[in-house]
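Here are a few notes for your review. Please read them beside the coordinates.

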Amino acid sequence: MLIFNCPHCGVAAEETELSGGGEAHLKRFGPGCSDADFEGYLFTRENPKGVHFERWRHAFGCGKWFIAARDTVTLEVFGTYPAQTSEPPREIFDRISEKRPGWSWCNLSGEA
Amino acid sequence: MKRYSAFAIVREALMNDHKGWERAWRNAQPKKRYDVVIVGAGGHGLATAYYLGKNFGITNVAVIEKGWLGGGNTGRNTTIIRSNYLQDASAAIYEKARSLYETMSQDLNYNVMFSPRGVMMLAQTEHEVRGYQRTAHANALQGVQTEFISPRRVKDIVPIINLDGPRYPVLGALWQERGGTARHDAVAWGYARACSAMGMDIIQQCEVTGVTRDGARVSGVDTSKGHIACEKLGIVVAGHSGELARMAGFRLPVESAPLQALVSEPIKPVMDCVVMANTVHGYMSQSDKGEMVIGGGTDSYNAFTQRGSFHHIEHTVAALIETFPMVSRLKMLRQWGGIVDMTGDRSPILSRTPVDGIFINCGWGTGGFKAIPGSGWGFAELMATGKSALCAEFGMDRFAKGRFIDESVAAGVAH
């Protein structure tokens, strides 16, 4: 079972306390955008085998959204941070680079 | 290939001490070049290869597999076969598959143990009653034989069921008498044997590490057993479709998540059909060995763990105990997971791709086993001729166009 530390209330929350919100850091497109951009925003997903960033809501806790960095193969959690940001904080980058040298995800990548 | 028959058993028993049986298929090593390379030796990949050979005479084909033949979702599902879908495009391909299952053992000369024992989908809310009545009417127009039946007939067919569940009483059911189950491994083995007999190479433990291109066109694949050149490449890898697409240079509207199943200890025959209870979310059938085969839920997040989250088991088993109180005393023997590939509209993708010569067959999500022969039939036609009526609606461009095949909302099924 996945366990995340909620960055808002500090609770170590189990999977059953949380609801998953899918891929994080999606760039939103709306009226006036191209069909390809809109399709990408709505449907196309990174779906990596390895390092992944995704949104979670502490649904049966403080109710707030956060983002988790996680490995989809080992289920190792690299860290969590509040959702009000467009990219991961430095320490999450460093922690992933330490454990998965040369990782990449969408347009993000760590040092090898 | 020596044919299997009652006569062959007698011959082997009386004259050969059973030493005359051949290997069912050759464990081949790759040649430098093929007309068609199929990535993924699961049911869908092998069926594609089989119908390429049988229907189009294309036999210079390799089916390459990272692990072992049929070791992915083909060997991990709950073996249910049905075609009671709402949308015309889905009903067409699933009904094609179901009808091919009826004659598969004779066609392949391999006993796939297809058992048309009937599939029952319980209606446990007023909404489900209306939804399934609508599906039954749609199926009548599509030529798929289903009917909406009363609770009394449900009890006649499944005596162990509890009709007045504390939360959700059974109000009726959608009944497809010609649906059922088959031996999932045998489907993969049967197709593999037939492909091998046509001269195709099935190459196991051969992992694709890259896709090579010649301009806009595919030229082959890099694998752990060296480069294999090909004219056309079929990607049929379920949960790993995103990884293969990335190697080929395009992206997919697909997400991968574990779906799990479990089986109980074997017991005497108690239920001779498949029952799906989608409101409480559990489905169950009894295998020929006597085990109750139980399908569970999908994890709500991307993962490649092939086991699934523990709490889903509790959720599924709790639902089944409401529906079938007698299963509360059963011990569960085994649990496992498969990585299912979910698209935005929960319908599959059988399509050309942005790279010339590459075709993709994926997105079967939680319901691929039942579709294996129909999927192979249509996808082989698409790869051989460039178009297929069965696959026409399942192009990957439907997401940009908003032309969804919306089964997840329309049928509300566990697939």
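Is Asp17(B) buried or exposed? The points below start there. Keep in mind that this is a predicted model.

1. Asp17(B) is exposed, and its relative accessible area is 56%. The residue sits in a loop of chain B, between α1 (6-15) and β1 (33-39). Its backbone deserves a look: phi of Asp17(B) is near 50 degrees, a positive value, and the residue is not glycine.

2. His281(B) also has a positive phi, near 65 degrees, in a residue other than glycine. Its loop in chain B runs between β13 (274-277) and β14 (282-286). Relative accessibility is 21% for His281(B), so the residue counts as partly exposed.

3. Now the cysteines. How many disulfides does a search of the whole structure find? Zero, over all chains. Cys9(A) is accordingly in no disulfide; its nearest cysteine sulfur belongs to Cys6(A), 3.6 Å away. The cut-off for a disulfide is a sulfur pair within 2.5 Å. Cys9(A) counts as partly exposed, at 36% relative accessibility.

4. With a relative accessible area of 30%, Cys62(A) is partly exposed.

Conventions: Residues numbered from 1 in each chain as written. Chains lettered and ligands numbered in written order. Predicted model: local features only at pLDDT ≥ 70, side-chain atom pairs only at ≥ 80, totals over all residues. Heavy atoms only, no water. Buried < 20%, exposed > 50% of the residue type's maximum accessible area, 1.4 Å probe, protein only. Helix = DSSP H or I, 4+ residues; strand = E, 2+ residues; numbered from the N terminus.
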